Amino acid sequence: MCETEGTGHLHQHQHVAVHRHAMEANDEIASRLRRSFAARGVFVLNLISAPGSGKTTLLEHTLAQLAPLRVSVLVGDVETERDAERLRSCGVPVSQIVTAGTCHLEAEMVANHLPEVDQRELDLLIVENVGNLVCPTAYDLGEDAKVALVSTTEGEDKPLKYPAIFHRAQVALVTKSDLAPYLDFDREALFANIHTVHPGLDVLEVSAKTGEGLDRWLAWIRAQVEAKRAVPSGV
Amino acid sequence: MHEMSLAVEILRIADEAAAEAGAGRVLRVGVGVGWLLQVEEQSLAFHLRAMRQDYPRLREAVFDLAEEAVRVRCRACGEETQQADWGFSCGSCGCRDVAVVTGDRLEVQDMEVLTDDV
Ligand SMILES: Nc1nc2c(ncn2[C@@H]2O[C@H](COP(=O)(O)OP(=O)(O)O)[C@@H](O)[C@H]2O)c(=O)[nH]1
Ligand SMILES: [Mg+2]
Ligand SMILES: [Zn+2]
């Protein structure tokens, strides 16, 4: 009990236990999305990389090959509709999420934009996150798998500089493999660094330009979609 | 980076918890910063100080940020051990099949408040 600032009011000091997670609001929406995707058997990917690692280009070169799977795409960028326009030509529903400065996508943005691309029997939802290796990592979007992309031009120590995304990813893609011969690219070092952060992580090497490695990437996706469908709904 | 969004959430939670406790003023907010989240503590502290003005209950609050280390539980031997770096493995048996138990949350832990004594 104490009197403060001569106001004559008596105040009581109190210790309050809180224990609430700063991400609770996002996590709640993400859990709701995850339950609804599970009930419908929709497999959801969250693609995360630095700007320019090749997320949009990879999608441009693989979306058409995913047929007969029914695929929709949400693409996040700080500004402009450019990436969505590039992807629309592939014949799948695409919605651009313009974050207007925010460096990551949040579950609420996904929930708000989902109706624009939702299909009655959707098999696969691909979310291209805002180009950034730090912030998107912390925001659950209700996805089944985070995919970390790193291109051959970015330096082998990327996984050590940005470990959290490689730690949380279910698969890593090394993109622009066609450029490796022209660079002092140390493949073994990159793999070793990825596996330092995440022992045993699946790493696939791909080139959207030459098509190298795309088969394995497509096979990985199809296997995941199948597995999700096989799980009884409502789980 | 996203420290500003995180600061907004911390302020929202602290303000809500203060209201629930019937507190008119918050003196101190204890925040646990999980190492795994790679939060820039200085940037987070800056945004908390800058934005607490918008919350009358929090205007004088001091934010105590404490880093929370990563601890993992081993799926092989069941031991819980602290981790010093990435590439988590059991500190007891060396097995790499481990689950993170602490260090992945940004948590408003506790507060010192003044309740109006009516
Ligand atoms: N050589 C080569 N260039 C690529 C490849 N994939 C993407 N690029 C180029 O990298 C740049 C950025 O690609 P983009 O897909 O927009 O990256 P995003 O920001 O991750 O979506 C573009 O100029 C692409 O043409 C690839 O496999 N090989
Ligand atoms: Mg893009
Ligand atoms: Zn062990």
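Q: In which strand is the place of A:His19?
A: Keep in mind that this is a predicted model. A:His19 stands out a bit, with a positive phi of about 50 degrees although it is not a glycine. As for its place, that is strand β2 of chain A.

Q: Which element gives the largest share of the side of chain B that touches chain A?
A: Start with the polar side of things: 14 residue pairs are in polar contact between chain B and chain A, counting pairs with both at pLDDT 80 or more. Three elements of chain B give two or more residues to the side that touches chain A: α1 (3-20), β1 (23-34) and β6 (106-116). The largest share is eleven residues, and it comes from β6(B).

Q: How many charged residues does the side of chain B that touches chain A have?
A: The contact takes 36 residues from chain B, and 36 residues from chain A. By class, the chain B side has 17 nonpolar and six polar residues, and the charged ones number 13.

Q: Which side chain meets A:Arg20 in a salt bridge?
A: The rule, a Lys or Arg side-chain nitrogen within 4 Å of an Asp or Glu carboxyl oxygen, finds two salt bridges across the interface of chain B and chain A. For A:Arg20 the N to O distance is 2.8 Å, and the side chain it meets is that of B:Glu16.

Q: How much of the area that chain B and chain A bury between them is on carbon and sulfur atoms?
A: The two chains bury about 3200 Å² between them. The share of it on carbon and sulfur atoms is 56%.

Q: Why does the pair A:Thr56 and A:Asp83 tie together parts that are apart in sequence, and how many residues apart are they?
A: Both residues coordinate the magnesium ion (ligand 2), through OG1 of A:Thr56 and OD of A:Asp83, along with OE of A:Glu128, at 2.0 to 2.1 Å. Along the chain, the donors follow the spacing T-x26-D-x44-E. A:Thr56 lies in helix α2 (residues 55-60) of chain A and A:Asp83 in helix α3 (residues 82-88) of chain A, so the parts tied together are 27 residues apart in sequence.

Q: Where does A:Pro68 lie?
A: The peptide bond from A:Ala67 to A:Pro68 is cis, with omega near 10 degrees. A:Pro68 lies in the loop between α2 and β4 (71-77) of chain A.

Note on methods: Residues are numbered from 1 along each chain as its sequence is written. Chains are lettered from A and ligands numbered from 1 in the order in which they are written. This is a predicted model: local features need pLDDT of at least 70, side-chain atom pairs count only at pLDDT 80 or more; totals for chains, interfaces and linings use all residues. Side-chain values use heavy atoms; hydrogens and water are left out. Contact means heavy atoms within 4.5 Å. Buried area is the accessible area (1.4 Å probe) that two parts lose on being put together, summed over both. A polar contact is a pair of N or O atoms within 3.5 Å; within protein, one must be able to donate a hydrogen and the other to accept it, and residues adjacent in sequence count only if both atoms are side-chain atoms. Helices (H or I, at least four residues) and strands (E, at least two) are DSSP runs, numbered from the N terminus. Ala, Val, Leu, Ile, Met, Phe, Trp, Tyr, Cys and Pro count as nonpolar, Asp, Glu, Lys and Arg as charged, and the others, Gly among them, as polar. Donors are N, O and S atoms within 2.8 Å of the metal (3.2 Å for Na, K and Ca); water is not among the atoms, so sites may look incomplete.
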